[in-house]
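I opened my notebook to write down what I looked up, one stop at a time. Come along and check each entry for yourself.

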Amino acid sequence: MSSSIASPMRVPTSSATPQKFAAPSRTSSKMDRFIPNRSASNLDSSQYNIALEMRDVENTQQNVASSPSKEYKKQLAANLGTDASARVLAFKQKAPAPPEGHSSHLAALYSANATDMKPSKKFRAVPSQPDRILDAPDLVDDYYLNLMDWGSSNKVAIALSQTVYLWNASGGDIQQLLATENDSYVTSVNWAGDGRHIAVGFSGNNCQIWDAERLRPIRNLGGHSSRVSSLSWNNHTLSSGSRDSTIIHHDVRVRDHIVKTLRGHQQEVCGLKWSPSGSQLASGGNDNMLMIWDARHDGPTHTLTDHQAAVKALAWCPFQSNLLASGGGTADRSIKFWNTTTGVCLNSIDTGSQVCALQWNRHEKEILSSHGFSQNQLCLWKYPSLAKVAEMNGHTSRVLHLAQSPDGTTVASAAADETLRFWKCFGDGSSSRSSQGKSVAKAASGMSSSLLRTVNIR
């Protein structure tokens, strides 16, 4: 039986030769091979293949998103000991406490540096009011004189015109040490290191050494031709600076006391300080010069001319042996810091007013300065940043002199307004004070038992 049977559909078979979609054109040799001939492409077949591939990609992503299975989640939650619906990294509960008696071998590692950590430094409040005020009538208003000093015996020596008084900071009693005659007046005072002997300079050409316990003179030292405006002790050697522009070293142990005369200044020597080690002497003059002298030589080691006015305020740093601070007068108004080994000016700050005196803080890296016109204030500066820590007001005239207590906590200021004010601005220094210093501080604490008590020295 014959029937019409459709010709079977041809299934494409793989062939070594690629399938040709169109016969080559006669002009194919003239066409650019980088520009496709779209008329020879099967676009419907290509679109179908791309859609099929995209569908496979979507199915793969859905399978990945749906894993792990619910059974896997249950097993994972059971092994972790948590609820199946809870998040693994949800820190809402505290960690379980360790079993009793458990000790970790890492405890020593985490606590190794705990004891080496320094405690945070507490803020130190600086009082803005004086602890005590004393009247000082007839205090000479002369920038070039040095009329006050605080000795290691806790006694303040103050020269009021022709008389020197000793005020005991422990008990508050006052003694008259000496009184000059005729037109002579006191120009400088300086305690020796033993706290018993004191040097006094006069408006004539001499200075004297007095026994402060027996209230009597020990010897008279001459050698100058004009007033002795500055004094400084170095063990058994007393150095004196004069208006005659010379500095004389007196050995108080021998009869011929003049052992050396230093010449270098052109005008009055108004500032004089030995370094704590006794190896260097700093001198300031009305000739605007600051000189550094070596104890072994006759000539100055350094002649420093950076100041533009008289240099009276001098202070050696207690924590760096070769660091010296100097202050200039009205035309200069600056505090400069020097390396006395090299003669280099390390830093300088314009204070805005005449610098009369300087005192370093022994317990902190700070320096206190007293000033003249126009505010007559005391300023506390941080070193080496020179940031102003505090400013203390109260004097109505220029603050000519500063002196520090033996325990380094209190500073006395003497001004041309004829008052002495005591400022507890350097802290208590309890961490660095020795047992001897503590006893001195206890005695000095009687000074502040009554706030702002006014006492007339005379």
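**Entry 1: a starting point**

In which strand is Asn 168 found? I found Asn 168 in strand β4, residues 163-168. Before going on, I noted that this is a predicted model, where local features need pLDDT of at least 70 and side-chain atom pairs count only at pLDDT 80 or more, while totals for chains, interfaces and linings use all residues. Residues are numbered from 1 along each chain as its sequence is written, and side-chain values use heavy atoms, with hydrogens and water left out.

Helices (H or I, at least four residues) and strands (E, at least two) are DSSP runs, numbered from the N terminus.

Asn 168 counts as buried because its relative accessibility is 18%. I wrote the cut-offs beside it: buried means under 20% relative accessible area, exposed over 50%, and partly exposed in between (1.4 Å probe, protein chains only).

Leaving aside neighbours within four places in sequence, Asn 168 is in contact (heavy atoms within 4.5 Å) with Asn 154, Lys 155 and Asp 173. A polar atom of the Asn 168 side chain also lies 2.9 Å from the backbone nitrogen of Ser 170.

Asn 154 sits in the loop between β2 (148-150) and β3 (155-160). Is Asn 154 buried or exposed? Asn 154 counts as buried, because its relative accessibility is 2%.

**Entry 2: the loop between β24 and β25**

With that reminder in mind, I went to another loop. Leu 386 lies between β24 and β25, and its phi is near 60°, a positive value in a residue other than glycine. At 10% relative accessibility, Leu 386 counts as buried.

Pro 384 is in the loop between β24 and β25 (388-392) as well. Which peptide bond is cis with omega near 10°? I found that it is the one from Tyr 383 to Pro 384.

I also noted a cis peptide bond from Phe 373 to Ser 374, with omega near 20°. Ser 374 is in the loop between β23 (366-371) and β24 (378-382).

**Entry 3: two residues in strands**

I picked Ser 242, in strand β11 (residues 237-242). Ser 242 counts as buried, because its relative accessibility is 0%. Beyond four places in sequence, Ser 242 touches His 224, Ser 226, Arg 227, Val 228, Ser 229, Glu 268 and Val 269. With Arg 227 I could note a distance: its backbone oxygen lies 2.8 Å from a polar atom of the Ser 242 side chain.

Then I turned to Pro 217, in strand β9 (residues 216-221). At 46% relative accessibility, Pro 217 counts as partly exposed. Not counting residues up to four places away in sequence, Pro 217 touches Gln 208, Ile 209 and Trp 210.

**Entry 4: looking for empty space**

Rolling a probe the size of a water molecule over the atoms shows where empty space is left. A cavity is a set of points, on a 1 Å grid over the protein atoms alone, where a 1.4 Å probe fits but cannot get out; lining residues have an atom within 4 Å of a point.

How many cavities of 30 Å³ or more are there? The count comes to 1. The largest cavity holds about 30 Å³ of space, a volume being the space filled by probe spheres set on the points, which are joined across faces, edges and corners.

I listed the lining of the largest cavity: His 249, Lys 260, Leu 262, Trp 274, Leu 281, Trp 293, Asp 294, Ala 295 and His 297. The elements giving two or more residues to this lining are β13 (258-263) and β16 (290-294).

**Entry 5: the whole chain**

I finished by stepping back. The chain has 4 helices and 29 strands. Of its 458 residues, 43% count as buried. Residues 24 or more positions apart account for 47% of the chain's contacts with a separation of 6 or more.

Definitions and conventions:
1 Å grid on protein atoms, 1.4 Å probe; cavity = no way out; pocket = protein on both sides within 12 Å on 5 of 7 lines; lining within 4 Å. Polar contact = N/O pair within 3.5 Å; in protein donor to acceptor, adjacent residues only side chain to side chain.
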